[in-house]
Amino acid sequence: MRNKKVLFVTQAAMIAAVYIVLTYFVSAFNLASGAIQVRISEALTILPYFTPAAIPGLFIGCLLSNLLTGSVLLDVIFGSLATLLGALGTYALRQHKFLLTLPPVLSNAIIVPLLLKFVYFPDVAYHIHGIDVTILFYMVTVGIGEIISVCLLGSLLLRLLTPYRQYIEGGTTFNQ
């Protein structure tokens with residue numbers, strides 16, 4: 001029983017660390033935040049398919065990434081909650097492999113645009129025929145970034161890791 005707890009904490013910590021490193025890397029190219037964001041670390045949101053340890057790992061990784069990259073407090077909280085909701089949704093849909101990428105894309109495409117509109121760019125407004133479409137615009141841009149990160153890169157990661165699923169889930173080693 002103790003080994004399972006150690007494995008859980010170790011996996012969560014490793015996933016958080018990888019999330020942070022990937023976010024920092026993409027931040028160097030100014031792609032991890034803003035109206036158009038391709039956070040390649042979001043590809044990791046498919047990991048709850050393999051282990052529930054990914055759920056706290058992704059949440060903590062996103063939280064720390066947001067803190068370390070200078071996000072405002074509301075973004076640290078709600079941006080991290082968007083990733084947490086996406087990870088929980090992925091875990092809930094683990095029996096339906098073709099739907100795994102949907103929760104992270106939806107949670108971020110709904111929550112992050114609200115942060116962009118009301119926290120980061122409150123004075124920016126996009127209008128079409130007199131109708132404010134700012135949040136819709138941000139939903140599209142954030143959604144495209146999430147589709148690239150989660151649907152494309154996450155699906156590739158899913159495909160690459162699936163043959164090793166029993167090692168990830170059970171913590172067994174390759175030489176056993």
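**Close-up views: aromatic rings, charges and cysteines**

Tyr138 is buried, because its relative accessible area is 1% (buried is under 20%, exposed over 50%, partly exposed in between, with a 1.4 Å probe and protein chains only). The model is predicted, so local features need pLDDT of at least 70 and side-chain atom pairs count only at pLDDT 80 or more, while totals for chains, interfaces and linings use all residues. Residues are numbered from 1 along each chain as its sequence is written, and side-chain values use heavy atoms, with hydrogens and water left out.

**View 1. Tyr138 pairs with the ring of Phe137.** The two rings are tilted, with 5.7 Å from centre to centre and 55° between the planes. Rings of Phe, Tyr and Trp (its six-membered ring) pair if their centres lie within 6.5 Å; planes under 30 degrees apart are stacked, over 60 edge-to-face, and the rest tilted. Phe137 is partly exposed at 33% relative accessibility.

**View 2. Tyr138 also pairs with Tyr126.** This pair is edge-to-face, with centres 6.1 Å apart and planes at 85°. Tyr126 lies in the loop between α4 (102-120) and β1 (127-128), and Tyr138 in helix α5 (residues 134-161). The pair links distant parts of the chain, twelve residues apart. Helices (H or I, at least four residues) and strands (E, at least two) are DSSP runs numbered from the N terminus. Tyr126 has a relative accessible area of 33% and is partly exposed.

**View 3. Five aromatic residues form one cluster.** Its members are Tyr120, Phe121, Tyr126, Phe137 and Tyr138. The structure as a whole holds seven aromatic pairs.

**View 4. Two arginines lie over tyrosine rings.** Arg94 is placed over the face of Tyr91, 3.7 Å from the ring centre. The charged end of Arg165 sits over Tyr49, at 4.0 Å from the centre of that ring. A charge sits over a ring if NZ of Lys or CZ of Arg is within 6 Å of the ring centre and within 35 degrees of the ring normal.

View 5. A disulfide is a pair of cysteine sulfur atoms within 2.5 Å. The count of disulfides is zero. Cys62 is buried, at 2% relative accessible area, whereas Cys151 is partly exposed at 25%.
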